[in-house]
Amino acid sequence: MTTAATRPSDRRVSPVFLGILAVSAVTGWATWTGFAAEPGLAVFLFVTSAWVVSLCLHEYAHARTALHGGDISVGAKGYLTLNPMKYTHALLSVVLPVVFVIMGGIGLPGGAVFIERGRIRGRWKHSLISAAGPLTNVLFAVVCTAPFWLGAVDGVPPAFRFALAFLALLQVTAAILNFLPVPGLDGYGVIEPWLSYGVRRQVEPFAPFGLLFVFALLWVPSVNGVFFDAVDGLLGCLGIDELDTYCGFDLFRFWKGTDEFCGV
């Protein structure tokens, strides 16, 4: 069975994705150079566009892994073009994750690409397809945190450092939360092939609500505190101070006014 897309256009990078990438590059430059008198809007656009880029790469990883696992239908569906408009649920895939970031500074991608699981043979392949998305967030987090754990942030403009730290926090939270074994999230998709048929049938009705359940749970103060203490501890090990992520989120929400501690 071939694992190649049937037409070159099925794999051609979408102009929509390139446009989002361009916005990320331009606003990243504006944040770095201090082009805007008030950096908040530039930080907001930079972080949001970079976050959407990571969402596209997250879903692309699922689709590409599925393609090599045997589902040759992903090409015709447009999943290999990185175009977010081709996703099965645009609301869950792009809009809702951005809303989550604005409301609570939480990175939580939603399920987007429809994989024809019947074409996939072997439980390991099914697990790898589910794991590919959050592993992309792990890779993105490594890139975002690299300047910090390499000690290369000296001389980096504060606004850009804060934005990069906040973006790193989003990637870390996305990776952690997506690996939770909750129905509807990728972590459950990793273990699902290894569960009995009866268990899978019982759990299936809850899958559409898993994402909202996790987000609602994080609004419980005690749960939220424990979760972010763990995230801050992990980021601290990577050289990112809590003040960096706090100020990144503060600048991101520019419409609320900037905290005096984060003045740049």
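In α4, the residues in contact include P134, N137, F140, C144 and F148. Their partners in α5 include R161, L164, A168, Q171 and N178. Contact means heavy atoms within 4.5 Å. By class, this contact has 14 nonpolar, four polar and one charged residues. Ala, Val, Leu, Ile, Met, Phe, Trp, Tyr, Cys and Pro count as nonpolar; Asp, Glu, Lys and Arg count as charged; the others, Gly among them, count as polar.

This is a predicted model, in which local features need pLDDT of at least 70, side-chain atom pairs count only at pLDDT 80 or more, and totals for chains, interfaces and linings use all residues. Residues are numbered from 1 along each chain as its sequence is written, and side-chain values use heavy atoms, with hydrogens and water left out.

How do we describe two packed helices? We give the angle between their axes and the distance between the axes. Axes are lines fitted to C-alpha atoms, for helices over the stretch in contact, and angles run from 0 to 180 degrees between N-to-C directions. For α4 (residues 123-149) and α5 (residues 158-178), the angle is about 150 degrees and the axes are 8 Å apart. The two are therefore roughly antiparallel, a label for angles over 145 degrees. The crossing of α4 past α5 is left-handed: the near helix is turned anticlockwise from the far one by less than a right angle, whereas clockwise would be right-handed.

Now turn to the contact of α4 with α2 (residues 40-69). Their axes come within 8 Å and cross at roughly 155 degrees. So this pair is roughly antiparallel too. Here the crossing is right-handed. W51, L57, H58 and H62 are among the α2 residues that take part. On the α4 side, they include K125, L128, P134, N137 and F140.

Look along α2 itself. Its 30 residues should span 44 Å at 1.5 Å a residue, and its end C-alpha atoms are 43 Å apart, so the two values agree. The expected span is 1.5 Å times one less than the number of residues. Of the 30 residues, 23 are buried, meaning under 20% relative accessible area (1.4 Å probe, protein chains only). T48 is part of α2. Is T48 buried or exposed? It counts as buried because its relative accessibility is 15%. Leaving aside neighbours within four places in sequence, T48 touches V98 and F252. Just after α2 comes G70, with a positive phi of about 130 degrees.

Technical notes. Helices (H or I, at least four residues) and strands (E, at least two) are DSSP runs, numbered from the N terminus. Angles under 35 degrees count as roughly parallel, over 145 as roughly antiparallel, 65 to 115 as roughly perpendicular and the rest as oblique. Buried means under 20% relative accessible area, exposed over 50%, partly exposed in between (1.4 Å probe, protein chains only).
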